[in-house]
Amino acid sequence: DAGARRGVARRRERANMSYELIEVPLSDRALVERFIRVPWYIHREHCPSEHWVPPLLMDRRDYLNPQKNPFFAHVQAAFWLARKDGRDVARVAAVRDEDYIKFHGEQTGYLGMFECPDDPRLAQLLVDTAANWLKGRGCVGMIGPFELSINYISGVLIDAFDRDPGINMPYSPPYYDRLLQGTGMTKARDLFQWGLDPQKPVPERIARLAEKMKSRSGVTVRPMRFDDWDAEVLRTNEIYNDAWEKNWGFVPVGREEYLHLAKDIKMVLEPGLPIIVEKDGEPVAFVITMMDVNPVLKKLDGRLFPFGILRLLWDLKVRKVVKGGRLILLGIKAAYRGQGIDTLLFLETHRAAQRLGWTSGQIGWTLEDNHRVNAAIGAMGGEKIATYRVYQKPL
């Protein structure tokens, strides 16, 4: 048995010799830049797709800068590039998140930022490298892929490859599910994305119920104020951590990281679409919907400078080319659930999108087993439009 295992290990080592694996310290900005640009190889050359949306390079640089991203205050992480024939062709990260481990009481790490050509040997090398790094730091399980945790971009696309993803949703080549399962990873959860038409009227029964709930409960619904943004955001931080506490994979988000996340999305919000619900002056629920700026981002090809910022502002503020959005967060404190506040927030968001003249809307992601929320979206006329998958692997 030992001899057979050594033989398998030698064969795997020979198979992987054509790839050079390079560890990427985040202090080495030249290597980080190469790491960031791997998706261009995957989606433009190896498996070209018109539906892939290039991320902003400036945003990715800040994201992978521990001096700028508070996420790195509570994690250990490692990053690798795979190189072949003089080209950077793949990448992977491994993350040990102390906040996750403390909250869940389990030694589970993350598979992160997975990008790979259709090569099972290379996929195995990447997953094994991340797994071994996590094992060396006491982890007994691994979930992912995430961009770098479940609070950021999560999962891989497993259907709906013929449509553009929603803003801040991943687009994956069709072979990723096969590659990852081939490495020994198995499905942990599927995540659903929903679509609806804001121009279609809300079912009358739903609108009546929401209005009745609003009058009986004495809650106040108002838009979040952009001129007091940080304070408004912090009013929702407690709601967020309370609302998602029981969800699979949830990790509480601290004050600094939460503010950082909110700062990044402020420029793609329309007045009237971040909404907060208060009861006797206390914030009890909120919803945030982002403009879907992906059609504009496609034109920029990752570059805001020197002229990309002008194109972005022109398209957003003058031409107003954005005709849709994605509801990314909806949270209700536990004590106020089951009272119809979720329906009220959906209704208010729907009405705001109608006023803006939007012709498309997206909600999610939602967990496949979050039946109450999924049923509420269906009652509003939502239809499932895409499925993303998160995997798990014992170490």
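1. Lys-212 sits in helix α7, residues 204-217. Helices here are DSSP runs of H or I with at least four residues, and strands are runs of E with at least two, numbered from the N terminus. The model is predicted: local features need pLDDT of at least 70, side-chain atom pairs count only at pLDDT 80 or more, and totals for chains, interfaces and linings use all residues. Residues are numbered from 1 along each chain as its sequence is written, and side-chain values use heavy atoms, without hydrogens and water.

2. Lys-212 is partly exposed, because its relative accessible area is 46%. (Buried means under 20%, exposed over 50%, partly exposed in between; 1.4 Å probe, protein chains only.)

3. His-350 belongs to helix α12, residues 341-356. His-350 is buried, because its relative accessibility is 7%. A polar atom of its side chain lies 3.3 Å from the backbone oxygen of Pro-198.

4. Two cis peptide bonds deserve a look. One runs from Glu-147 to Leu-148, with omega near -5°. Leu-148 is in the loop between β5 (141-147) and β6 (153-154). Another joins Gly-364 and Trp-365, with omega about 20°. Trp-365 is part of strand β13, residues 360-367.

5. Asp-85 is not a glycine, yet its phi is positive, near 50°. Its place is the loop between β2 (75-84) and β3 (87-97). Asp-85 counts as exposed because its relative accessibility is 72%.

6. Ala-160 also has a positive phi, about 55°. Ala-160 lies in the loop between β7 (156-157) and α6 (176-182). Ala-160 counts as buried, because its relative accessibility is 18%.

Technical notes:
Polar contact = N/O pair within 3.5 Å; in protein donor to acceptor, adjacent residues only side chain to side chain.
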